[in-house]
Amino acid sequence: MEYKHFSHNHTLTLSRIQPGQQFQCHGCNLPCHDSIFACWNCNFFLHEHCGTANRYINHPSHLLHPFVLIPSPTYCSGSFLCNGCGAPGNAFSYCCALCEVDLHVHCAYLPHKVSHNAHQHELCLSFKKTNVNNALDYCKICMKEMSSRNWSYFCDKPECDFRVHTYCATNEVKKGPCGDDGNNSTSNQNTTSAYEPQGRTEMMTQEQEMMLEVSRMHMELQMAHALSDIIAYFPR
Ligand SMILES: [Zn+2]
Ligand SMILES: [Zn+2]
Ligand SMILES: [Zn+2]
Ligand SMILES: [Zn+2]
Ligand SMILES: [Zn+2]
Ligand SMILES: [Zn+2]
């Protein structure tokens, strides 16, 4: 099957990975398993899930604007900080350029509920900043600090008080795009002090600032198209 992806100039073919072959997905930088979209000339590979991820999505964590799938971050640092898991990324992201909200593809498609063998009840995905009194919260799986900025999975039974990192909850479940990588490298990511968001506009040259502005305008245009698509799709 031939496939054209907006992030690559050549057509891609859907291929099955043979045992022992190792490829890295250009969309999420994680190792590929099973089926991939491949440009064999360029050694360009995408997970099937990353290659077919929607160009525009509405996400319940940010209902103000649609997210646009972009092939690489437009920030001058060349990377983004995922508002879902808190870890950096430098490949595909779902981006609301207006609000500078960025999500890994696999974070954008996290399941609403997961089961994890560390807890007897189902866990629910939460986008909310729950930490009302600013007390430090620790993940019940990895025991590391949890940032109130990032999403979490929690047990909604009040007596349980069970809350964990999204990647701690999902690195043993087989759900969602990209979540099916057995040796998911997100399992040992540290989202605490190492990835404090830095002012993205700090120390930018005028030229960089202009480039950022241009890419923002470009994305606003894309979003306007997305919106009109959505409106056309749901006539009132
Ligand atoms: Zn991928
Ligand atoms: Zn190519
Ligand atoms: Zn993420
Ligand atoms: Zn927004
Ligand atoms: Zn954790
Ligand atoms: Zn529980």
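Author: pLDDT is the predictor's confidence in each residue, from 0 to 100. The model discussed here is predicted.

Reader: What pLDDT does the protein chain average?

Author: Of the residues, 71% score at least 70. Over residues 173-205, however, the pLDDT is below 50. That stretch still has 65 contacts in the model beyond near neighbours in sequence. For the protein chain, the average pLDDT is 80.

Reader: How many helices and strands does the secondary structure come to?

Author: The protein chain has 236 residues, of which 32% are buried. Its secondary structure comes to four helices and 16 strands.

Reader: Which strands stand at the edges of the open sheet, and why is one side of each left without a neighbour?

Author: The sheet is built from four strands, with antiparallel pairing, in the order 5-6-9-10. Each edge strand has a single partner strand, so one side lacks a neighbour in the sheet. Neighbouring strands are turned by 30° against each other on average, direction ignored. The edge strands are strand 5 (56-59) and strand 10 (101-103).

Reader: Which residue in strand 6 stands opposite histidine 59?

Author: Strand 6 covers residues 62-70. Strand 5 pairs with strand 6 in the antiparallel sense, over three bridges. Opposite histidine 59 stands histidine 62.

Reader: What share of the contacts with a separation of 6 or more comes from residues 24 or more positions apart?

Author: Two residues are in contact if their C-beta atoms, placed from the backbone, lie within 7 Å. Among contacts in the protein chain with a separation of 6 or more, residues 24 or more positions apart account for 53%.

How values were computed:
Residues numbered from 1 in each chain as written. Chains lettered and ligands numbered in written order. Predicted model: local features only at pLDDT ≥ 70, side-chain atom pairs only at ≥ 80, totals over all residues. Pairing = 2+ DSSP bridges. Helix = DSSP H or I, 4+ residues; strand = E, 2+ residues; numbered from the N terminus. Axes fitted to C-alpha atoms, helices over the stretch in contact; angles between N-to-C directions. Buried ≥ 20, exposed ≤ 12 C-beta atoms within 10 Å, placed from the backbone.
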